[in-house]
Amino acid sequence: MPDLITHTKQDESRQGEAYSPFVHEPVTYGKKFYIESYGCAMNFSDSEIVASILNENGFGATKNFEEADLILINTCSIREKAEQTVRHRLQYLRGAKEVNPGALIGVLGCMAERLKSKLLEEEKLVDMVVGPDAYRTLPGLIEEATDGQKAVNVLLSREETYADIAPIRLNSNGINAFVSITRGCNNMCSFCVVPFTRGRERSRDTDSIIRECQDLFDKGYREVTLLGQNVDSYYWNNGQQGAESVTFAQLLERVALISPLLRVRFSTSHPKDITDEVLHTIAKYENICKYIHLPVQSGSTRILQLMNRTYTREWYMAKVDRIKSIIPDCSISSDIIAGFCTETEEDHQDTLSIMEYSGYDYSYMFFYSERPGTLAARRYADDIPENVKKRRLDEIINMQRKLSHESNLKDIGNTVKVLIEGNSKKSDDDWMGRTSQYKVVVFPKAGHALNKGDYAMVTVDDCTGGTLLGRIVG
Ligand code: 5AD
Ligand code: SF4
C-alpha cells in the first residue's frame, strides 16, 4: 500500500468541536486528544478507529496538539526514513509537555510494534506504546500512564478486525472513505517488515463491511476504498454450519450493489492473488473503478525470487495482458523498489522495461531500505551503494513521468465521468474530481448546478503534469 506521509488534519468545519458517530449533536468532552498519522492508508484508517474508541471514553478531537491531554502518533516502519521522520516529530511534540506537563504522548502502529518498549525505556520519548491490534486497550493504558506506570501493549492478535467499531472520519471531504477489510499479511516478501508489525492476515466479517459502506453512502459519501495489505486474499466464513464463504470478488459485488452512485476502489492487490473472477466482477459493474494497484517491485525474475514475490517477470506480464483483455480501459499502478540486494544493471533495465510493458499510469517508487529482522536483512547483504540506488531510482522516476504523460495525452479528446471531490486547489471557480481510472480532472464550474459528490461528464482538452483539464459537456 502506497505511503501517504502526510498528517491528519481536522476538517475545518469541525474546529473546536468534537463529533461522535453515535449521536447527531456535537458533544462536549472532558479531555482532548490529538492524532497524527504516517505511512499507508491502513494507518489513516486505523486512526479513525482509535478516534472512535477515544470518543467513547470521553476524549474529543483537537487539531492543536498544544491543547491536547493526549497526543498520539500513528507510525510507519516500512523504510528507515519513515521511522526517522517519526522520531523527529516525537521530539518536537514533546514540547507540548512544557505547556501542559500532564499531557501524555503515545506511539501507535508499526513502530510501536517493532520497537516495543524501547521507545519508552531507552529513548524516553513517549508515555505509551500501543501496537496495531491493541487499540481497544487504550483506555486502560491511558489510566496506567496517568498513574506513572509503563503503558505498553504490543500483543498481536489472530482475530482482531475492529469490525464492530464505527470509525470517526478524521480528515474527510465527506466523499471518499477508507474501509478496512483485512488486517495483517501472510506473504513473506523478503524486504518487508509488515508481517512482523501487523501480524497474521485475517478478514473482517462481510456484513460489518457492507453495513459500514451502506452507512457511508447514506451519509453522502460517494466512494469507498476497500483496504488490506492483500485484498484479493479476502475470505470470510462465519464458521457456522452451512454458512457460505465470501471471496473478494463476491465482496466487491456486494459493495457495488449498494448503489450505482457509490464508487468502489480497493488496494492493494498482490499479482499472485488477483483472480479472473475479480477481473470479471470489475468489468461487470460500472461503479467498480477501473484501476488496479498491482505492485511489481522489480522486473527481474532473479530479483523477484530473492524478494520472495512468487512470480516471474513473464508471469506478471501475462497478468497485465489478462487485465487489459478483460478490462480494456483499466489503469494499472505499481510499487517499485530500486537497488535491492545484488541488483545488477541488467536487473534494473528489466525493471524499466516491465514498466514500459505494463504502461503504468502511476507508480510509488522507493530505494531499498534494509529493515532489521526481515528475511532479506538476515540472508542478503544490502550491497548496492547509495549513489547507485539513487541513480536507478531517478531513472525509474523519469520512466514513470514519461508513462504518466503518455497516458494523459491519450485522454485528450475523450469524455470522462468525473466524481466531484471539491473545489480545485487553485480556484474556487473550478471543480476537482477523479475519473474511474483515478486521474485528477480540473474543470470550470461554468454556471452548472453541480455539487461535491455529483458526477459530471467532462471532455478533456489538455493536461499538465498529473492533471487532466476539461470542460463539462451534456
Ligand atoms: N525498502 C524499500 N521499499 C519497501 N517497501 C516495502 N518494504 C520496503 C523496504 N524495505 C515498499 C514496497 C511496498 C510498499 C508499500 O513499500 O514497494 O509495496
Ligand atoms: Fe509486505 Fe509483501 Fe505483505 Fe505487501 S504483500 S505487506 S510487500 S509482505
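# Reading a predicted model: burial, contacts and cysteines

User: Why is Cys76 called buried?

Analyst: In this predicted model, Cys76 has 7% relative accessibility. Buried means under 20% relative accessible area, so Cys76 counts as buried.

User: Where in the chain is Cys76 found?

Analyst: Cys76 is in the loop between strand S3 (70–75) and helix H2 (80–93).

User: What makes a residue a contact of Cys76, and which residues are they?

Analyst: A contact has heavy atoms within 4.5 Å. With neighbours within four places in sequence left aside, Cys76 is in contact with Tyr38, Gly39, Asn43, Ala82, Glu83, Cys110 and Met111.

User: How do you know whether Cys110 is buried or exposed?

Analyst: The relative accessible area of Cys110 is 8%. The limit for buried is under 20%, so Cys110 is buried. Cys110 is placed in helix H4 (residues 110–115). Not counting residues up to four places away in sequence, Cys110 touches Thr75, Cys76, Ser77, Thr197 and Arg198.

User: How many disulfides does the structure hold?

Analyst: The structure holds zero disulfides. For Cys76, the nearest cysteine sulfur is that of Cys110, 6.3 Å away. A disulfide needs a pair of cysteine sulfur atoms within 2.5 Å, and Cys76 is in no disulfide.

User: Which residues does UniProt place under the feature "binding site", and why can they be said to gather at one spot?

Analyst: The UniProt record, an unreviewed entry, places "binding site" at Cys40, Cys76 and Cys110. They span 71 residues in sequence, yet no two of their C-alpha atoms are more than 10.5 Å apart, so they gather at one spot.

User: What surrounds ligand 2?

Analyst: Ligand 2 is surrounded by Cys185, Asn187, Cys189, Phe191, Cys192, Val194, Pro195, Gln229, His270 and Arg309. This shell divides into six nonpolar residues, three polar and one charged. Cys192 has a relative accessible area of 15%, which is under 20%, so Cys192 is buried.

User: Where does UniProt put the domains, and what is the chain made of there?

Analyst: In the UniProt record, "domain: Radical SAM core" (unreviewed entry) covers residues 171–406. Over residues 171–406 the chain is 41% helix and 17% strand, with the end C-alpha atoms 33 Å apart. For "domain: TRAM" (unreviewed entry), the record lists residues 409–474. Residues 409–474 are 5% helix and 53% strand, and their end C-alpha atoms are 23 Å apart.

User: Why is Ser424 called buried, and what does Ser424 contact?

Analyst: Ser424 has a relative accessible area of 7%, against a limit of under 20%, so Ser424 is buried. Ser424 lies in the loop between strand S17 (415–423) and strand S18 (430–434). Apart from neighbours within four places in sequence, Ser424 is in contact with Asp430, Trp431, Met432 and Val442. Ser424 and Val441 are 17 residues apart along the chain, and their C-alpha atoms are separated by 9.1 Å.

User: How confident is the predictor in the protein chain, and where does pLDDT stay under 50?

Analyst: The protein chain averages a pLDDT of 92, and 94% of the residues score at least 70. Over residues 1–26 pLDDT stays under 50. For residues 1–26 the model has 70 contacts beyond four places in sequence.

Conventions
Residues are numbered from 1 along each chain as its sequence is written. Chains are lettered from A and ligands numbered from 1 in the order in which they are written. This is a predicted model: local features need pLDDT of at least 70, side-chain atom pairs count only at pLDDT 80 or more; totals for chains, interfaces and linings use all residues. Side-chain values use heavy atoms; hydrogens and water are left out. pLDDT is the predictor's confidence in each residue, from 0 to 100. A residue is near a molecule or strand if one of its heavy atoms lies within 4 Å of it. Ala, Val, Leu, Ile, Met, Phe, Trp, Tyr, Cys and Pro count as nonpolar, Asp, Glu, Lys and Arg as charged, and the others, Gly among them, as polar. UniProt positions are given in the numbering used here, feature names are shortened, and annotations may be inferred rather than shown by experiment. Helices (H or I, at least four residues) and strands (E, at least two) are DSSP runs, numbered from the N terminus. Buried means under 20% relative accessible area, exposed over 50%, partly exposed in between (1.4 Å probe, protein chains only).
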